[in-house]
Amino acid sequence: MASVDGTIIQNVEIRELRQEEAREVRDMIVSGLFQELLSYRAVLRVLWLPVGWIWVSFILVCFYSVTKSWLVSVPFATVAYLPATWGLLYVRFWQRRSRHSERLEFRDLYTWYRARAGSKFWVAVSEGRIIGTVALYRTSNHEAQLKRMNVHASVRRRGVATLLMEHCEEYCRTEGVAEIYLVTSEFQQAAIRLYRNFGFAITKKFPFVCSLRMEKQLALGNNASLRRILFS
């Protein structure tokens with residue numbers, strides 16, 4: 001059960017992805033990323049980033065090269081900023097989706113994660129409906145990457161993401177994973193707040209692609225520590 005501010009989602013089950021659900025889950029993840037990236041908040045967020053001022057300056061200079069007047073260029077650039085930035089974010093979204101590694105992963109999420117030892121893909125299910133996802137890509141015996149954290153827009157801020165994170169971390173402790181890392185967009189501020197609440201810290205920023213890396217060290221129990229030693 002997940003609850004936030006008194007709003008309850010009954011009988012939330014966290015389980016592994018099934019093969020017949022792979023396409024539905026893929027479409028849900030892509031749709032969520034697309035909506036988040038092309039929201040008004042994402043467009044305005046660009047202004048707070050170093051690359052945003054470079055982008056604004058570029059738009060302004062483009063208009064000035066045509067009008068030869070700063071007085072005319074400034075209002076035109078202001079009006080053009082919103083659609084131009086949406087276009088830029090749209091291109092960035094599809095560039096990311098066209099990467100070879102992501103194409104292979106999204107082609108069949110079920111097969112991709114099943115084929116990689118120690119990797120898992122979980123879904124949150126309520127009343128027979130998939131409402132959230134999270135994946136763990138095992139990169140070594142002691143390290144794993146958190147991926148594909150996504151909650152359906154209709155049930156966000158109701159504790160589903162928290163349940164997914166808790167399930168993922170519990171699995172890591174059981175399997176002897178001492179470090180989890182993730183790479184996320186600076187536009188996904190709600191996700192970043194969630195990760196911070198779970199103890200993740202920003203360890204690296206990629207300002208020109210508006211991304212950052214976050215890491216967390218896990219405290220392992222005695223059984224998990226022994227498993228890590230045996231399989232190192």
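Predicted model: local features only at pLDDT ≥ 70, side-chain atom pairs only at ≥ 80, totals over all residues.
Colleague: What is the strand order of the open sheet of 7 strands, and which are its edge strands?
Modeller: Strands (E, at least two residues) and helices (H or I, at least four residues) are DSSP runs, numbered from the N terminus, and two strands pair if DSSP finds at least two bridges between them. The pairing in this sheet is mixed, and the order is S3-S4-S5-S6-S7-S9-S8. Pairing on one side only marks the edge strands, which are S3 (13-16) and S8 (201-206).

Colleague: Which residue in S9 is the bridge partner of Lys204?
Modeller: Strands S8 and S9 run antiparallel and are joined by 5 bridges. In S9, the partner of Lys204 is Arg213.

Colleague: What angle does the direction of H7 make with that of S6?
Modeller: Helix H7 packs on the sheet, where it touches S3, S4, S5, S6, S7 and S9, contact meaning heavy atoms within 4.5 Å. Axes are lines fitted to C-alpha atoms, for helices over the stretch in contact, and angles run from 0 to 180 degrees between N-to-C directions. On that scale, the directions of H7 and S6 make an angle of about 160 degrees.

Colleague: Within what arc do the buried residues of H8 fall?
Modeller: Buried means under 20% relative accessible area, exposed over 50%, and partly exposed in between, with a 1.4 Å probe and protein chains only. In helix H8 (residues 189-197), the buried residues are Ile192, Leu194 and Tyr195. They line one face of the helix because, seen down the axis of H8, they fall within an arc, taken from the directions from the helix axis to the C-beta atoms, of 160 degrees.

Colleague: Is Glu127 buried or exposed?
Modeller: Glu127 is found in the loop between S4 (120-126) and S5 (129-138), and its phi is near 55 degrees, a positive value in a residue other than glycine. Since its relative accessibility is 76%, Glu127 counts as exposed.

Colleague: Is Arg148 buried or exposed?
Modeller: Arg148 is found in strand S6 and has a positive phi of about 55 degrees although it is not a glycine. With 10% relative accessibility, Arg148 counts as buried.

How values were computed:
Residues numbered from 1 in each chain as written. Heavy atoms only, no water.
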